[in-house]
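Hi,

Here is the structure I promised to pass along. Have a look at it first, and my notes follow below.

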Amino acid sequence: MSLSAFTMNWNYPTSVRVGVGRVKEVATACQQLGMHKPLLVTDPGLAALPMVADILGICKEAGLAAGLFSQVKGNPTGANVDAGVAAYRAGDHDGVIALGGGSALDAAKAIALMVGQDRPLWDFEDVGDNYTRVNVEGMAPVVAIPTTAGTGSEVGRASVITDEANHVKKIIFHPKMLPALVLLDPELTLGLPAHITAATGMDALSHSLEAYCSPFYHPMAEGIALESMRLVKDYLPRAVANGQDVEARLQMLVASSMGATAFQKGLGGMHALAHPLGALYDAHHGLLNAILMPYVLVANRSALEARMERLARYLNLAEHSFDGFLNWVLELRASLGIPASLAALNIDASQADKVGQMAAEDPSAGGNPLPLNAADYSRIFRKAVAGDLTA
(Lines give C-alpha, C1' and ligand atoms only; values in the text may rest on other atoms or scores of the structure.)
Protein backbone atom coordinates (compact mmCIF):
# COMPACT_ATOMS: atom_id res chain seq x y z
CA MET A 1 0.00 0.00 0.00
CA SER A 2 1.28 3.46 -0.90
CA LEU A 3 2.31 5.71 1.98
CA SER A 4 -0.13 8.31 0.65
CA ALA A 5 -2.93 6.00 1.80
CA PHE A 6 -1.83 6.66 5.37
CA THR A 7 -2.24 10.44 5.08
CA MET A 8 -5.31 11.17 7.17
CA ASN A 9 -6.91 13.69 9.50
CA TRP A 10 -8.42 12.17 12.65
CA ASN A 11 -10.48 13.70 15.43
CA TYR A 12 -9.87 11.14 18.15
CA PRO A 13 -8.96 11.71 20.92
CA THR A 14 -8.07 15.19 19.59
CA SER A 15 -7.36 16.67 16.17
CA VAL A 16 -4.58 14.50 14.67
CA ARG A 17 -2.93 14.94 11.26
CA VAL A 18 -1.14 11.78 10.18
CA GLY A 19 1.29 11.30 7.32
CA VAL A 20 4.64 12.01 5.72
CA GLY A 21 5.48 15.72 5.64
CA ARG A 22 2.68 16.88 7.94
CA VAL A 23 5.18 18.89 10.03
CA LYS A 24 5.10 21.47 7.23
CA GLU A 25 1.61 22.36 8.47
CA VAL A 26 2.91 23.55 11.85
CA ALA A 27 2.43 27.25 11.15
CA THR A 28 -1.10 26.71 9.86
CA ALA A 29 -1.86 24.64 12.95
CA CYS A 30 -0.62 27.44 15.21
CA GLN A 31 -2.67 30.02 13.36
CA GLN A 32 -5.80 27.89 13.65
CA LEU A 33 -5.34 27.98 17.42
CA GLY A 34 -4.90 31.75 17.43
CA MET A 35 -1.14 31.79 17.98
CA HIS A 36 1.03 34.66 16.72
CA LYS A 37 4.11 34.12 18.93
CA PRO A 38 4.39 30.42 19.79
CA LEU A 39 7.13 29.09 22.06
CA LEU A 40 8.76 25.95 20.66
CA VAL A 41 9.60 23.67 23.60
CA THR A 42 12.03 20.82 22.99
CA ASP A 43 15.12 19.18 24.49
CA PRO A 44 18.77 20.24 24.06
CA GLY A 45 19.59 17.37 21.69
CA LEU A 46 16.80 18.18 19.27
CA ALA A 47 17.43 21.92 19.54
CA ALA A 48 20.75 21.40 17.76
CA LEU A 49 19.21 19.44 14.86
CA PRO A 50 18.03 20.85 11.51
CA MET A 51 14.39 19.94 12.19
CA VAL A 52 14.12 22.65 14.85
CA ALA A 53 15.60 25.29 12.54
CA ASP A 54 13.23 24.09 9.81
CA ILE A 55 10.17 24.44 12.04
CA LEU A 56 11.23 27.88 13.21
CA GLY A 57 11.77 28.80 9.56
CA ILE A 58 8.28 27.60 8.59
CA CYS A 59 6.84 29.72 11.38
CA LYS A 60 8.85 32.78 10.32
CA GLU A 61 7.75 32.47 6.69
CA ALA A 62 4.14 32.45 7.90
CA GLY A 63 4.68 35.60 9.95
CA LEU A 64 4.84 33.88 13.33
CA ALA A 65 7.41 35.20 15.82
CA ALA A 66 8.35 31.84 17.31
CA GLY A 67 10.74 31.49 20.23
CA LEU A 68 12.74 28.48 21.44
CA PHE A 69 13.07 26.89 24.88
CA SER A 70 15.13 23.71 25.27
CA GLN A 71 16.11 23.45 28.95
CA VAL A 72 14.39 20.09 29.43
CA LYS A 73 16.01 17.08 31.11
CA GLY A 74 15.48 13.46 30.12
CA ASN A 75 13.23 13.21 33.16
CA PRO A 76 11.76 16.74 33.23
CA THR A 77 11.75 18.55 36.55
CA GLY A 78 9.70 21.22 38.23
CA ALA A 79 12.64 23.58 37.70
CA ASN A 80 12.50 22.90 33.95
CA VAL A 81 8.82 23.83 33.93
CA ASP A 82 9.46 26.99 35.94
CA ALA A 83 12.21 28.04 33.51
CA GLY A 84 9.91 27.39 30.57
CA VAL A 85 7.15 29.50 32.10
CA ALA A 86 9.65 32.32 32.63
CA ALA A 87 10.75 32.09 28.98
CA TYR A 88 7.11 32.09 27.82
CA ARG A 89 6.30 35.21 29.79
CA ALA A 90 9.52 37.00 28.89
CA GLY A 91 8.84 36.46 25.19
CA ASP A 92 5.18 37.44 25.50
CA HIS A 93 4.21 34.17 23.81
CA ASP A 94 0.64 33.05 23.18
CA GLY A 95 0.91 29.31 22.65
CA VAL A 96 3.24 26.31 22.72
CA ILE A 97 4.67 24.01 20.07
CA ALA A 98 5.67 20.80 21.86
CA LEU A 99 8.37 18.95 19.92
CA GLY A 100 10.23 15.81 20.95
CA GLY A 101 9.91 12.63 22.92
CA GLY A 102 7.82 12.18 26.03
CA SER A 103 10.06 14.34 28.19
CA ALA A 104 9.84 17.42 25.97
CA LEU A 105 6.12 16.91 25.36
CA ASP A 106 5.40 16.51 29.07
CA ALA A 107 7.43 19.59 29.92
CA ALA A 108 5.74 21.60 27.17
CA LYS A 109 2.24 20.62 28.31
CA ALA A 110 3.10 21.51 31.91
CA ILE A 111 4.49 24.88 30.79
CA ALA A 112 1.30 25.57 28.82
CA LEU A 113 -0.70 24.76 31.95
CA MET A 114 1.38 26.85 34.32
CA VAL A 115 1.68 30.09 32.33
CA GLY A 116 -1.72 31.18 33.65
CA GLN A 117 -1.63 29.82 37.20
CA ASP A 118 -0.85 31.49 40.51
CA ARG A 119 -0.48 28.23 42.45
CA PRO A 120 2.67 26.04 42.45
CA LEU A 121 2.90 23.15 39.99
CA TRP A 122 2.51 20.46 42.64
CA ASP A 123 -0.92 21.79 43.58
CA PHE A 124 -2.16 20.18 40.37
CA GLU A 125 -0.88 16.68 41.09
CA ASP A 126 -3.34 14.02 39.95
CA VAL A 127 -4.80 13.40 43.38
CA GLY A 128 -8.49 13.71 44.16
CA ASP A 129 -10.02 16.80 42.57
CA ASN A 130 -6.82 18.88 42.49
CA TYR A 131 -7.41 19.55 38.79
CA THR A 132 -10.36 21.79 39.72
CA ARG A 133 -7.86 24.30 41.10
CA VAL A 134 -6.66 25.12 37.58
CA ASN A 135 -7.46 28.49 36.05
CA VAL A 136 -8.50 27.07 32.68
CA GLU A 137 -8.69 30.50 31.03
CA GLY A 138 -4.98 30.99 31.70
CA MET A 139 -3.85 27.80 29.93
CA ALA A 140 -2.04 28.16 26.59
CA PRO A 141 -2.96 26.17 23.46
CA VAL A 142 -0.59 23.39 22.38
CA VAL A 143 0.41 21.90 19.04
CA ALA A 144 2.20 18.59 19.75
CA ILE A 145 4.73 16.98 17.39
CA PRO A 146 6.27 13.72 18.67
CA THR A 147 9.71 12.67 17.45
CA THR A 148 9.69 9.28 19.18
CA ALA A 149 7.08 6.51 19.18
CA GLY A 150 6.62 5.55 22.81
CA THR A 151 4.98 7.74 25.41
CA GLY A 152 2.03 8.96 23.37
CA SER A 153 2.18 12.14 25.43
CA GLU A 154 0.86 14.04 22.40
CA VAL A 155 -2.61 12.63 23.13
CA GLY A 156 -2.33 12.63 26.93
CA ARG A 157 -4.05 14.81 29.50
CA ALA A 158 -1.19 14.76 31.98
CA SER A 159 2.54 15.31 32.41
CA VAL A 160 4.98 13.28 34.49
CA ILE A 161 7.32 15.73 36.22
CA THR A 162 10.07 14.99 38.75
CA ASP A 163 9.88 16.72 42.12
CA GLU A 164 13.63 16.93 42.70
CA ALA A 165 13.30 18.06 46.30
CA ASN A 166 11.51 14.84 47.23
CA HIS A 167 13.01 12.54 44.54
CA VAL A 168 9.60 11.48 43.28
CA LYS A 169 7.79 11.64 39.95
CA LYS A 170 4.38 13.28 40.10
CA ILE A 171 1.56 13.22 37.58
CA ILE A 172 0.21 16.68 36.81
CA PHE A 173 -3.28 16.47 35.35
CA HIS A 174 -6.04 18.47 33.78
CA PRO A 175 -8.40 17.34 31.00
CA LYS A 176 -7.51 20.40 28.91
CA MET A 177 -3.80 19.53 28.97
CA LEU A 178 -4.67 17.38 25.95
CA PRO A 179 -2.98 19.17 23.01
CA ALA A 180 -5.48 20.80 20.67
CA LEU A 181 -3.71 19.61 17.53
CA VAL A 182 -1.20 16.82 16.85
CA LEU A 183 1.10 16.28 13.87
CA LEU A 184 2.26 12.67 13.42
CA ASP A 185 5.03 12.84 10.82
CA PRO A 186 7.19 9.69 10.55
CA GLU A 187 10.01 11.54 8.82
CA LEU A 188 10.83 13.23 12.13
CA THR A 189 11.64 9.83 13.66
CA LEU A 190 13.94 8.51 10.91
CA GLY A 191 17.13 9.59 12.66
CA LEU A 192 16.26 7.93 15.95
CA PRO A 193 18.98 5.40 16.98
CA ALA A 194 17.99 1.74 17.11
CA HIS A 195 18.33 1.44 20.89
CA ILE A 196 16.05 4.45 21.48
CA THR A 197 13.59 3.14 18.91
CA ALA A 198 13.53 -0.15 20.81
CA ALA A 199 13.12 1.38 24.27
CA THR A 200 10.42 3.84 23.24
CA GLY A 201 8.59 1.16 21.25
CA MET A 202 8.53 -1.11 24.28
CA ASP A 203 7.14 1.82 26.26
CA ALA A 204 4.24 1.99 23.80
CA LEU A 205 3.73 -1.75 24.30
CA SER A 206 3.75 -1.31 28.09
CA HIS A 207 0.99 1.31 27.92
CA SER A 208 -1.31 -0.88 25.85
CA LEU A 209 -0.48 -4.03 27.78
CA GLU A 210 -1.16 -2.47 31.16
CA ALA A 211 -4.35 -0.85 29.87
CA TYR A 212 -5.50 -4.22 28.53
CA CYS A 213 -4.70 -5.94 31.83
CA SER A 214 -6.31 -3.27 34.03
CA PRO A 215 -9.38 -4.64 35.83
CA PHE A 216 -11.47 -1.55 35.16
CA TYR A 217 -14.34 -1.62 32.68
CA HIS A 218 -13.60 0.32 29.49
CA PRO A 219 -14.20 -1.83 26.36
CA MET A 220 -13.31 0.99 23.96
CA ALA A 221 -9.89 1.48 25.52
CA GLU A 222 -9.38 -2.29 25.63
CA GLY A 223 -10.02 -2.58 21.90
CA ILE A 224 -7.58 0.23 21.14
CA ALA A 225 -4.98 -1.44 23.36
CA LEU A 226 -5.29 -4.74 21.48
CA GLU A 227 -4.75 -3.18 18.06
CA SER A 228 -1.89 -1.05 19.35
CA MET A 229 -0.10 -4.20 20.55
CA ARG A 230 -0.60 -5.82 17.14
CA LEU A 231 0.99 -2.81 15.47
CA VAL A 232 3.96 -3.02 17.86
CA LYS A 233 4.35 -6.73 17.13
CA ASP A 234 4.31 -6.16 13.38
CA TYR A 235 6.27 -2.94 13.07
CA LEU A 236 8.65 -2.41 16.02
CA PRO A 237 11.14 -5.07 14.83
CA ARG A 238 11.06 -3.48 11.37
CA ALA A 239 11.66 0.02 12.73
CA VAL A 240 14.61 -1.17 14.82
CA ALA A 241 16.12 -3.22 11.99
CA ASN A 242 15.79 -0.40 9.46
CA GLY A 243 15.37 3.08 10.86
CA GLN A 244 14.56 4.41 7.37
CA ASP A 245 11.44 2.21 7.05
CA VAL A 246 8.92 5.05 6.84
CA GLU A 247 5.87 2.80 7.01
CA ALA A 248 7.14 1.10 10.17
CA ARG A 249 7.95 4.48 11.70
CA LEU A 250 4.47 5.78 10.91
CA GLN A 251 2.72 2.70 12.29
CA MET A 252 4.75 2.93 15.49
CA LEU A 253 3.76 6.59 15.93
CA VAL A 254 0.14 5.49 15.58
CA ALA A 255 0.65 2.60 18.02
CA SER A 256 2.17 5.02 20.51
CA SER A 257 -0.76 7.42 20.31
CA MET A 258 -3.16 4.49 20.63
CA GLY A 259 -1.39 3.24 23.75
CA ALA A 260 -1.71 6.60 25.47
CA THR A 261 -5.36 6.81 24.43
CA ALA A 262 -5.98 3.34 25.87
CA PHE A 263 -4.35 3.82 29.24
CA GLN A 264 -7.15 6.00 30.53
CA LYS A 265 -8.46 2.51 31.40
CA GLY A 266 -5.56 2.26 33.85
CA LEU A 267 -1.88 1.40 34.12
CA GLY A 268 -0.31 -0.92 36.67
CA GLY A 269 2.78 -2.33 38.34
CA MET A 270 5.23 -1.62 35.51
CA HIS A 271 4.60 2.10 35.71
CA ALA A 272 4.20 2.06 39.48
CA LEU A 273 7.80 0.79 39.64
CA ALA A 274 9.19 2.72 36.65
CA HIS A 275 8.15 6.09 38.06
CA PRO A 276 10.13 5.84 41.32
CA LEU A 277 13.08 4.20 39.55
CA GLY A 278 13.19 7.05 37.05
CA ALA A 279 13.13 9.57 39.89
CA LEU A 280 15.76 7.78 41.99
CA TYR A 281 18.13 6.66 39.23
CA ASP A 282 17.33 9.08 36.37
CA ALA A 283 16.95 6.08 34.05
CA HIS A 284 15.09 6.02 30.72
CA HIS A 285 11.38 5.47 31.34
CA GLY A 286 10.74 3.26 28.33
CA LEU A 287 13.76 1.09 29.04
CA LEU A 288 12.64 0.63 32.64
CA ASN A 289 9.19 -0.52 31.50
CA ALA A 290 10.75 -2.88 28.97
CA ILE A 291 12.92 -4.54 31.61
CA LEU A 292 10.17 -4.67 34.24
CA MET A 293 7.50 -6.06 31.90
CA PRO A 294 7.99 -9.83 32.33
CA TYR A 295 8.57 -9.58 36.09
CA VAL A 296 5.31 -7.70 36.62
CA LEU A 297 3.48 -10.11 34.31
CA VAL A 298 4.67 -13.10 36.35
CA ALA A 299 3.61 -11.40 39.59
CA ASN A 300 0.10 -10.94 38.17
CA ARG A 301 -0.17 -14.35 36.52
CA SER A 302 -3.08 -15.67 38.57
CA ALA A 303 -5.27 -12.79 37.39
CA LEU A 304 -4.20 -12.88 33.75
CA GLU A 305 -4.37 -16.48 32.46
CA ALA A 306 -7.60 -16.12 30.46
CA ARG A 307 -6.83 -12.58 29.36
CA MET A 308 -3.39 -13.56 28.05
CA GLU A 309 -4.85 -16.48 26.11
CA ARG A 310 -7.20 -14.07 24.32
CA LEU A 311 -4.36 -11.62 23.65
CA ALA A 312 -2.07 -14.35 22.31
CA ARG A 313 -4.81 -15.40 19.88
CA TYR A 314 -5.29 -11.84 18.67
CA LEU A 315 -1.55 -11.45 18.11
CA ASN A 316 -1.48 -14.80 16.29
CA LEU A 317 1.26 -16.15 18.55
CA ALA A 318 2.37 -19.76 18.29
CA GLU A 319 1.02 -20.65 21.73
CA HIS A 320 -2.30 -19.21 22.95
CA SER A 321 -1.55 -18.98 26.65
CA PHE A 322 0.06 -16.86 29.36
CA ASP A 323 3.38 -18.61 28.71
CA GLY A 324 2.98 -18.08 24.99
CA PHE A 325 2.65 -14.34 25.49
CA LEU A 326 5.40 -14.17 28.13
CA ASN A 327 7.80 -16.03 25.84
CA TRP A 328 6.99 -13.65 22.99
CA VAL A 329 7.81 -10.68 25.24
CA LEU A 330 11.13 -12.27 26.25
CA GLU A 331 12.01 -13.08 22.64
CA LEU A 332 11.05 -9.59 21.47
CA ARG A 333 13.15 -7.93 24.18
CA ALA A 334 16.16 -10.07 23.33
CA SER A 335 15.83 -9.40 19.60
CA LEU A 336 15.73 -5.66 20.25
CA GLY A 337 18.77 -5.68 22.54
CA ILE A 338 16.81 -4.83 25.69
CA PRO A 339 18.66 -5.91 28.88
CA ALA A 340 17.15 -8.75 30.88
CA SER A 341 17.63 -7.17 34.31
CA LEU A 342 17.83 -3.80 36.04
CA ALA A 343 21.38 -4.61 37.08
CA ALA A 344 22.38 -3.84 33.48
CA LEU A 345 21.41 -0.21 34.22
CA ASN A 346 23.63 -0.18 37.33
CA ILE A 347 20.58 -0.39 39.57
CA ASP A 348 21.02 -2.54 42.66
CA ALA A 349 18.58 -3.64 45.34
CA SER A 350 19.92 -1.42 48.11
CA GLN A 351 16.83 0.82 48.03
CA ALA A 352 14.33 -2.02 47.58
CA ASP A 353 12.20 -1.05 50.57
CA LYS A 354 12.02 2.58 49.48
CA VAL A 355 11.21 1.61 45.89
CA GLY A 356 8.47 -0.73 47.10
CA GLN A 357 6.85 1.95 49.23
CA MET A 358 7.01 4.53 46.44
CA ALA A 359 5.54 2.07 43.95
CA ALA A 360 2.65 1.19 46.26
CA GLU A 361 1.87 4.91 46.59
CA ASP A 362 2.17 5.65 42.86
CA PRO A 363 -1.19 6.44 41.18
CA SER A 364 -0.49 3.81 38.50
CA ALA A 365 -0.65 1.06 41.12
CA GLY A 366 -4.41 1.47 41.30
CA GLY A 367 -4.83 -0.19 37.89
CA ASN A 368 -2.77 -3.29 38.61
CA PRO A 369 -4.67 -6.59 38.04
CA LEU A 370 -3.89 -7.75 41.59
CA PRO A 371 -3.69 -5.58 44.72
CA LEU A 372 0.01 -5.34 45.58
CA ASN A 373 1.51 -3.80 48.71
CA ALA A 374 4.92 -2.26 49.29
CA ALA A 375 6.48 -5.62 50.18
CA ASP A 376 5.14 -7.12 46.95
CA TYR A 377 6.65 -4.33 44.89
CA SER A 378 9.96 -4.62 46.72
CA ARG A 379 10.02 -8.32 45.89
CA ILE A 380 9.30 -7.70 42.20
CA PHE A 381 12.01 -5.05 42.13
CA ARG A 382 14.57 -7.39 43.67
CA LYS A 383 13.71 -10.07 41.11
CA ALA A 384 14.07 -7.55 38.28
CA VAL A 385 17.50 -6.55 39.60
CA ALA A 386 18.60 -10.19 39.86
CA GLY A 387 17.00 -11.32 36.59
CA ASP A 388 14.88 -13.89 38.46
CA LEU A 389 11.66 -14.73 36.61
CA THR A 390 10.47 -17.38 39.05
CA ALA A 391 7.12 -16.73 40.70
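Let's begin with helix α7, which covers residues 219–241 in this predicted model. Its 23 residues reach 34 Å from the first C-alpha to the last, close to the 33 Å expected at 1.5 Å a residue.

Glu222 in α7 pairs with Arg310 in helix α11, 88 residues apart. The two form a salt bridge, with their closest N and O atoms 3.7 Å apart. The count of salt bridges comes to 20.

On to α11 itself (residues 301–314) and helix α10 (residues 285–299): their axes come within 6 Å and cross at roughly 100°. Angles of 65 to 115 degrees count as roughly perpendicular, so that is how α10 sits relative to α11. From α10, the contact uses Leu297, Val298 and Ala299, and from α11 it uses Arg301, Leu304 and Met308. Five of these residues are nonpolar and one is charged, with no polar ones.

The other pair to look at is helix α9 (residues 269–281) with helix α14 (residues 374–386). They pack at an angle of about 75°, and their axes are 11 Å apart. That makes α9 roughly perpendicular to α14. Gly269, Ala272, Leu273 and Leu277 of α9 meet Tyr377, Ile380 and Phe381 of α14. By class, this contact has six nonpolar residues, one polar and no charged.

Cheers

Conventions. Residues are numbered from 1 along each chain as its sequence is written. This is a predicted model: local features need pLDDT of at least 70, side-chain atom pairs count only at pLDDT 80 or more; totals for chains, interfaces and linings use all residues. Side-chain values use heavy atoms; hydrogens and water are left out. Helices (H or I, at least four residues) and strands (E, at least two) are DSSP runs, numbered from the N terminus. The expected span of a helix is 1.5 Å times one less than its number of residues. Axes are lines fitted to C-alpha atoms, for helices over the stretch in contact, and angles run from 0 to 180 degrees between N-to-C directions. Angles under 35 degrees count as roughly parallel, over 145 as roughly antiparallel, 65 to 115 as roughly perpendicular and the rest as oblique. Contact means heavy atoms within 4.5 Å. Ala, Val, Leu, Ile, Met, Phe, Trp, Tyr, Cys and Pro count as nonpolar, Asp, Glu, Lys and Arg as charged, and the others, Gly among them, as polar. A salt bridge is a side-chain nitrogen of Lys or Arg within 4 Å of a carboxyl oxygen of Asp or Glu.
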